Amino acid sequence: MKNRGDAVRVLHVDDDAAFASTTAAFLERASGNIDVETVTSGAAALDELADGAYDCVVSDYRMPGRDGLELLRAIRAEDPDLPFLLFTGEGSESIASEAISAGVTDYLQKETGTDQYALLANKIENAVERHRTERELKRRERSLARAQRIADLGSWDLDLETGELRWSDQIYRIFDVDPDEFAGTYEEFLAFVHPEDRDAVEAAVDAALTDGREYRIDHRIVRPDGTERLVHERGEVRYEDGEPASMSGIVQDITERTRRERELRESRRTYEQLFDSITDMVLVHDFDGEFLEINETSRDRLGYDREERDDLTIEDLHPADVDIGREELRERFDDGPTTFESVFQASGGEEIPVHVSATTIDYYGERAVLAVARDVTERNARQRELERSRDLLAKTEQLTDAGGWEYDPGAESLRWTDGVRRLHEVPPDYDPTLEAAVDFYHGDDAARIDDFVRRALEEGRAFDEVLRLETAEGRQRWVRAVGDPYPEDGEVTLLRGAMQDVTERVERERDLERTTEELAVLNRVVRHDIRNDMTVALGWLELVGDHVDDEGADALARAVDAGRHVVELTEVARDYVRLIVEEQQPEIDAVDLQRVVEDVLTRRRELYPGADFTVDVPPVTVAANGMLASVFTNLLNNAVQHNDRERPTVSITAETDEGTVRVRVADDGPGIPDGRKERVFGRNQGGLDSVGTGIGLYLVDSLVAKFGGDVWVEDNQPRGAVLVVELERYDER
């Protein structure tokens with residue numbers, strides 16, 4: 001636009017002040033018409049636009065606070081046409097698409113060279129020139145529209161003897177005809193009349209000529225360009241010597257008036273529909289308290305019939321607490337609109353709590369009151385529920401030694417509930433800051449919580465940690481601190497969390513860890529000593545075997561069996577301690593059931609050569625771990641050791657279905673009475689202290705439960721017991 005008009009005032013927005021200054025210098029050098037003002041933020045740009053007139057805005061996209069697209073939307077809300085160019089290093093189709101949707105004038109990506117400034121200057125000049133041209137065009141259109149509204153009435157005269165028809169300038173404008181192109185005859189006038197209205201016009205004119213009366217008629221005309229207008233036409237006959245000599249009259253363009261009347265009728269219908277569709281009660285009354293209008297919601301909610309509504313006053317709605325005369329009503333609204341809580345009484349006597357917003361309006365030239373009454377029955381119920389919830393929360397915080405907190409990074413404000421204040425042993429009116437809250441934490445934990453909060457705000461990462469803090473009274477506490485970030489448009493705008501005193505739990509866990517470690521050590525030492533001593537004892541018993549008679553041989557065999565059983569018990573004890581010490585929540589993996597059973601059975605056949613074992617287990621994987629072998633070891637031991645047969649028989653079978661596999665260990669021993677089937681595992685009976693259980697079956701039940709399975713006892717036929725183990729199939733998980 002160089003040398004083509006007034007100077008172009010450009011507002012350049014870029015948070016890099018050095019780049020903005022460079023851009024301004026090159027733009028002013030590229031065009032003598034461009035004058036650049038720079039600011040470094042969206043907020044400053046809006047302030048500058050409010051104070052001064054600019055022809056164009058050039059903005060970066062990525063800026064702290066309000067980015068370029070947010071600035072564009074804010075400007076478009078005030079000025080939909082002001083040229084706005086996005087000049088940014090952030091180049092992507094998504095940004096360009098979003099900018100176009102928001103109404104950007106043009107888009108230019110930043111480059112490294114200086115040629116970009118000449119291109120930018122050209123885009124600015126073209127955009128401003130288009131804007132000015134469009135603005136001038138709109139101004140001319142408004143002027144033309146005003147002229148058309150003013151020139152809507154013209155006069156005409158028809159010489160009946162010569163047939164000459166004369167129009168005033170206004171009629172030419174109404175018909176949109178050049179005077180030089182109109183022959184000035186009645187027939188040519190009729191040619192402008194809409195074909196469907198032509199007969200009616202001719203009939204009106206003929207009747208006037210016959211009866212000598214004035215005629216009035218509304219009809220359509222068709223302009224040369226094909227557009228239709230609606231005109232009101234009036235005419236009367238002038239006589240000379242008792243004969244019609246001429247006619248004269250007016251033509252008024254009533255197109256816009258008719259349209260406005262139609263729109264007014266439609267607007268009235270729309271108003272009535274909107275008035276009746278409002279879900280709040282809307283009432284209009286005068287200063288005597290008599291209702292002028294009430295909407296459908298009011299009619300339905302209050303229940304008064306038509307006859308009652310005609311005589312309804314505000315005193316009828318407030319019989320208990322309202323007695324307001326004209327002057328009192330006027331005084332109430334002297335200070336402007338007012339709001340208050342009240343109660344409406346419905347026709348049936350129901351009392352409806354309402355929140356009323358009222359103001360004065362001009363109602364057909366008279367001052368009246370417009371009141372919007374919202375039924376707050378549900379709101380009041382919600383408030384009561386909220387109060388109950390707050391009371392419940394306060395009591396819950398007291399019982400659980402817990403509380404909640406919320407941090408607003410924009411306002412840098414931290415809020416604590418009463419529970420958190422009690423936990424820190426600070427007064428109820430204590431107003432925390434983030435820095436002060438971090439200082440409560442002990443030693444290295446202060447740096448840890450500070451890092452957790454920083455990551456939550458910057459990366460949107462939640463945290464759940466157990467940390468130490470020192471209260472305002474100097475007491476140390478262990479607390480569980482939980483924080484959850486709440487992002488909005490990719491930025492964390494709120495951090496909310498909770499805090500609970502877990503001092504007792506931490507101390508119990510530490511005591512349990514020490515006890516568990518001591519138990520593990522004791523298990524290793526005792527098991528080692530017992531195994532060593534029993535190995536020595538079994539060795540001596542074997543040597544004694546050569547020195548006893550047949551009668552003593554049976555007793556010696558029983559002693560050897562008992563010794564071996566003691567050694568097996570040390571292995572069971574090892575597995576049990578491993579269960580409670582090392583694997584509180586064991587890892588579950590795919591375990592080959594067939595291989596585990598066969599490996600266990602091989603060892604049992606060596607230990608119990610006097611027993612018969614059969615097995616039928618298909619190849620299937622189950623959800624378990626290495627301790628599954630201990631389950632079947634103890635089940636097989638139990639089946640042999642508690643068998644009263646001279647040669648026990650034990651079978652191991654398995655059946656699969658969708659999702660599970662059931663392994664059945666059946667023996668031909670004395671069986672287990674129904675009353676002991678549950679107690680045999682020590683369930684709900686005190687564990688190992690229960691009557692009728694041993695450590696082996698207690699371990700079986702504990703392990704299977706940790707695998708997510710189940711174990712129970714059934715009767716064998718014709719004799720004995722069946723211990724059923726149900727496990728989850730790993731391949732069906």
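In this predicted model, the side chains of Glu 261 and Arg 257 meet in a salt bridge, with a nitrogen-to-oxygen distance of 3.7 Å. A search of the whole structure finds 52 salt bridges. Side chains of opposite charge can pair when their charged atoms come close.

**Salt bridges within a helix**

- Glu 261 and Arg 257 both belong to helix H9 (residues 255-277), where they are four residues apart and therefore separated by about one helical turn.
- Glu 261 counts as partly exposed, at 37% relative accessibility, and Arg 257 also counts as partly exposed, at 35%.
- A salt bridge also joins Glu 606 to Arg 603, with 3.2 Å from N to O.
- Glu 606 and Arg 603 lie three residues apart in helix H20 (residues 593-607), so about one helical turn separates them.
- Glu 606 counts as exposed because its relative accessibility is 53%, and the cut-off for that class is over 50%.
- Arg 603, at 41% relative accessibility, counts as partly exposed.

**A salt bridge between separate elements**

- Asp 197 forms a salt bridge with Arg 220, and the closest N and O atoms are 2.9 Å apart.
- Asp 197 is in the loop between helix H7 (186-192) and helix H8 (198-211), whereas Arg 220 is in strand S8 (residues 215-222), so the pair ties together parts that are 23 residues apart in sequence.
- Asp 197 is buried, with a relative accessible area of 15%.
- Arg 220 is partly exposed, with a relative accessible area of 25%.

**A network of salt bridges**

- Salt bridges link five named residues into a network: Arg 229, Asp 253, Glu 256, Arg 259 and Glu 263.

**Packing of helices H3 and H4**

- Two packed helices are described by the angle between their axes and the distance between the axes.
- Helix H3 (residues 68-78) packs with helix H4 (residues 93-102) at an angle of about 10°, and their axes are 10 Å apart.
- This angle makes H3 roughly parallel to H4, because angles under 35 degrees are placed in that class.
- On the H3 side, the contact is made by Leu 69, Leu 72, Arg 73 and Arg 76; on the H4 side, Glu 98, Ala 99 and Ala 102 take part.
- Sorted by class, the contact of H3 with H4 has four nonpolar, no polar and three charged residues.

**The setting of Thr 633**

- Thr 633 is placed in helix H21 (residues 628-641).
- Thr 633 counts as buried, at 17% relative accessibility, because the cut-off for burial is under 20%.
- When residues up to four places away in sequence are not counted, Thr 633 touches Val 600 and Arg 604.

- Strands of a sheet pair through backbone hydrogen bonds, either parallel or antiparallel.
- S18 and strand S19 (residues 476-488) run antiparallel and are joined by eight bridges.
- Leu 469 has Arg 477 as its bridge partner in S19.

- Strand S22 (residues 612-616) and strand S24 (residues 649-656) run parallel, joined by five bridges.
- Phe 613 has Val 650 as its bridge partner in S24.
- S24 also pairs with strand S25 (residues 660-667), in the antiparallel sense and over seven bridges.
- Ala 654 has Val 663 as its bridge partner in S25.
- S24 and S25 form a hairpin with three residues between them.
- Gly 659, in the turn of this hairpin, has a positive phi of about 100°.

How values were computed:
Residues numbered from 1 in each chain as written. Predicted model: local features only at pLDDT ≥ 70, side-chain atom pairs only at ≥ 80, totals over all residues. Heavy atoms only, no water. Axes fitted to C-alpha atoms, helices over the stretch in contact; angles between N-to-C directions. Helix = DSSP H or I, 4+ residues; strand = E, 2+ residues; numbered from the N terminus. Parallel < 35°, antiparallel > 145°, perpendicular 65-115°, else oblique. Contact = heavy atoms within 4.5 Å. Nonpolar A, V, L, I, M, F, W, Y, C, P; charged D, E, K, R; others polar. Salt bridge = Lys/Arg side-chain N within 4 Å of Asp/Glu carboxyl O. Buried < 20%, exposed > 50% of the residue type's maximum accessible area, 1.4 Å probe, protein only. Pairing = 2+ DSSP bridges.
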